[in-house]
Amino acid sequence: MSELTVSRLSKSFGGVRALNDVSFRLEPGELLAMIGPNGAGKSTCFNCINGQLRPDHGSVQFVGRDLVGLAPRAIWRLGVGRTFQITATFGSMTVAENVQMALISHHRRSRALWPLATRLYRDEALGLLESVSMRDQAERRCNVLAYGDLKRVELAVALAHDPRLLLMDEPTAGMAPKERIELMGLTAQIVGDKNIAVLFTEHDMDVVFANASRIIVLNRGEIVAEGTPAAVRANPLVQEVYLGAGSTYKPEARPAHA
Amino acid sequence: MSFYFAQFLTGLASASSLFLVASGLSIIFGVTRVVNFAHGSFYMLGAFIAYSLVTSLPPGPFWFWGGVILAALTVGVVGVIMEILVLRRIYQAPELFQLVATFGVVLLLKDVALWTWGPEDKLGPRAPGFDGAIDIFGSRVPEYDLVVIVVGFVVLAGLWLLFSRTRWGALVRAATEDREMLGALGINQALLFTGVFFLGSVLAGLGGAMQLPRASVSHHMDLAIIATVFVVVVVGGMGSIVGAFLASVIISELNAFGILIFPQITLVLMFLVMAVVLVIRPWGILGRPEDETAGEEYEHQSLSWLPSRAARLAMAGVVGVLLLLPFVVQEFYLVLMTEVFILALFAASLHFIMGNGGMISFGHAAYFGLGAYGGATLLLYGDTPMLLAIALAPFVAALGAAVFGWFCVRLSGVYMAMLSLAFAQIVWSIVFQSSGITGGEDGLVGVWPAEWASERQVFYYLTLAVTLGGILALWRMLFSPFGYSLRAGRDSPRRVEAIGIGFRTHKWLAFVIAGTFAGLAGGLYGFAKGIVTPTTLDIPRSIDALMMVLLGGVQTLVGPLVGAFAFVVLEDRLLAFQYWRAIFGLIIIGICIAMPEGIVGSTRSFLTRRGLVSSGR
């Protein structure tokens, strides 16, 4: 059975069809990249899956359960982790405590009044930080970290409850090119080891083609192409979506004909 | 039928005068994001100044209306002075500081009014030409009420024209929508802010001046109107003029008709309206939701709160000194210290939600007072033993906190502050009016400790034990998973939901816990004083708690305790002066401007800069 089955998802804002009949599947251990120009519907699709938005039509099945109508909180409990386009961490806490919070919530102890939070699940948290190479910064506060390091912390937090599916909204936005490749390489390695399915959106094509096992291309709310990186790269329709149909710049682009 | 129409007009007249004041507050908030606590004081000032002008100018309509308008303009100038001298310095500070600083202005203006006009209420003349009543469908309606109604609609229309037809109005609307963008476009914001303060203050002054022929001018007008105005702008939607108008009409008409059925019901009605509106539309009738990420601009301060070994030893040392105190000092100081302990617990309970959860309550005294009244009524009516009464008092407060908190946690930032204040004011009014049970203004007397604890020394130790236990319990919870979840939600509401924690429920539970401990402090307070009066839960008492937390430092652990100590000592010294409120007001303003980190926080920063202590993490 697929980890995630999205079928016939549609969502309109006023008169604008942001998503139109989008369907795809995601298998365990697969890194599925969702790409497309600005306004293609990537974020809408993402938010329909993670519970931030309620789709008008269609269903989102996660290991046999329908996620539509569930709160983001409930979806997380089912085993869906997520990272944000702009990092969201607890700035007044240390790196380790950020991960510990996710572990505390995972063990449903966020309302415990007596134990000291900093001592709970500390070893597990340090282990997770080790896996994202942040172990040596465990005692630093999050609001003094470099942006790239914050992204790693987010990854560790997202992995804390042993998710089966990871949703990553533009995981490398705001990072330097070299860091991007590193972070996605790290992600690919971790999810490979743990057999986690990943859905991510991305603007950097180098990152996409280097790490995605499969790519879907959205344009104007519809899937226009789907396949392996090689197939997508060769797809003329994709080139058209990304480079334009060629009509606008035709005279300049082909001066030889003149 | 005609009677109801007359009643409707009476309601409309009240709505109209409420709208004048509320629209001013709303405009100021929309542009500057400052909730001006002193707005009620401007209203009072308008009435007093109009009284002086109208009684000293020649009689006749020209001079009467001239006096009213001049009074409004004078208040506008006062508003501008406040904006330039105080608020300009703290626009960048957290919104809490602006609220508290303007409360300092409230205290200052209270004493200015007392000094200028004396303590008596003033009865102004009737409006020349409108001093009779006219017949409408057989019922007599005061002519002046009709004038007030007309003025309300004229101001509404005038504001609408100003905002939709003038360049300045367009700038104000743009600023309400996106302040930063306006700044980026090269608009002089300082000038715009000052202008907005002038307009808003003129409206408050006009509202006050217009009241002159309707009611006597008193020194209670400021806080009496501000709570109602807060309800109006929360219900109508912050920054919306039409919303303020609609809310004024709804609330005033409910009052006008509710009072026919059962006078006490008007408060309950106000509560119900607020509850219904906020459940259906949390941002008010015509308000718009706050930017979801707005809370994440919160400047995360260091919370290396967990006391080090040395700090723990020092605290133990302080407790040791406190234990020995009764053998050393006179009884007077024991009484003073007993009050310090109680207020320290009160402050610590507010700090629990404020410092850790980022929730600003401007009505925390409600739970302190509920505890005090709960304990006193149990003792006086139920013959409950003292210890049991003190033990049960927190539950009374917890019940109140559970109901009001349920609504409060739906809002955030200043919205929550205003709503909590409105709730506290409702509790105050209920206590004040139910004189059969609560003794009304005189309060409940004879709340004395049991025989065995009647010695000052014994009661001192009892208070020390209970408050110390309470404070330690609160501290422990700060470092528990629950306390951490709360802080996590303050740091990033988005992330905390994304790791499966329901932030709103946690906020609500925290609100109830804070209310419970405030109630415990209140229960003790009644026995310490022997009397429980409505002042245990009035607005100034709520501000006291805020002051203690701010004075000590919001982002410190012992801040609230140091703050309580400083506060009690300061108050004890200041009460010797006739105009202590003014002095206190100036101190508040000074702290907001000069020491935004409080005593403990500023000391720590100073030592850190000097390299005397490490910066923690």
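Student: Hi! Which order do the strands take in the open sheet of six strands in chain A?
Tutor: Hello! The order is β6-β7-β8-β3-β9-β10 in chain A, and the pairing is mixed. Keep in mind that this is a predicted model.

Student: OK, and which strands stand at the edges there?
Tutor: Those are β6 (80–83) and β10 (222–227) of chain A. Each has a single partner strand, so one side of each is left without a neighbour in the sheet.

Student: How many degrees does the twist average from one strand to the next?
Tutor: The twist averages 20° from one strand to the next.

Student: How many bridges join β9 to β10 in chain A?
Tutor: Five bridges join strand β9 (residues 214–219) of chain A to β10(A), and the two run antiparallel. To find one spot on screen, look for Val217(A), which stands opposite Ala225(A) in β10(A).

Student: New topic: what is the strand order in the open sheet of four strands?
Tutor: That sheet, also in chain A, goes β2-β1-β4-β5, with antiparallel pairing. At its edges stand β2 (16–26) and β5 (65–66) of chain A; each has a single partner strand, so one side of each is left without a neighbour in the sheet.

Student: And how many bridges join β1 to β4 in chain A?
Tutor: Five bridges join strand β1 (residues 4–13) of chain A to strand β4 (residues 57–62) of chain A. Among the residues involved, Thr5(A) has Gln61(A) in β4(A) as its bridge partner.

Student: Let's zoom out. What domains is chain A divided into?
Tutor: There is domain 1 (4–79 + 163–257) and domain 2 (89–160). The centres of domain 1 and domain 2 of chain A, taken over C-alpha atoms, are separated by 28 Å.

Student: How many residues does their contact take from each domain?
Tutor: The contact takes 10 residues from domain 1 of chain A and eight residues from domain 2 of chain A. On the domain 1 side, helix α6 (residues 177–194) of chain A gives the most, with five residues. The residues of that domain 1 side divide into seven nonpolar, two polar and one charged.

Student: Now chain B. At roughly what angle do the axes of α5 and α6 of chain B cross?
Tutor: The axes of helix α5 (residues 143–165) and helix α6 (residues 167–177) of chain B cross at roughly 85° and come within 5 Å. That makes α5(B) roughly perpendicular to α6(B).

Student: Which residues meet there?
Tutor: Leu162(B), Phe163(B), Ser164(B) and Arg165(B) in α5(B) meet Gly169(B), Val172(B) and Arg173(B) in α6(B).

Student: Last one: why does Ala210(A) count as partly exposed?
Tutor: Ala210(A) has 14 other C-beta atoms within 10 Å, and a residue is buried at 20 or more and exposed at 12 or fewer, so a count in between means partly exposed. Ala210(A) lies in helix α7 (residues 205–211) of chain A. Not counting residues up to four places away in sequence, Ala210(A) touches Ile181(A) and Met184(A).

Technical notes: Residues are numbered from 1 along each chain as its sequence is written. Chains are lettered from A and ligands numbered from 1 in the order in which they are written. This is a predicted model: local features need pLDDT of at least 70, side-chain atom pairs count only at pLDDT 80 or more; totals for chains, interfaces and linings use all residues. Domain bounds come from an automatic or database domain assignment. Two residues are in contact if their C-beta atoms, placed from the backbone, lie within 7 Å. Ala, Val, Leu, Ile, Met, Phe, Trp, Tyr, Cys and Pro count as nonpolar, Asp, Glu, Lys and Arg as charged, and the others, Gly among them, as polar. Axes are lines fitted to C-alpha atoms, for helices over the stretch in contact, and angles run from 0 to 180 degrees between N-to-C directions. Angles under 35 degrees count as roughly parallel, over 145 as roughly antiparallel, 65 to 115 as roughly perpendicular and the rest as oblique. Two strands pair if DSSP finds at least two bridges between them.
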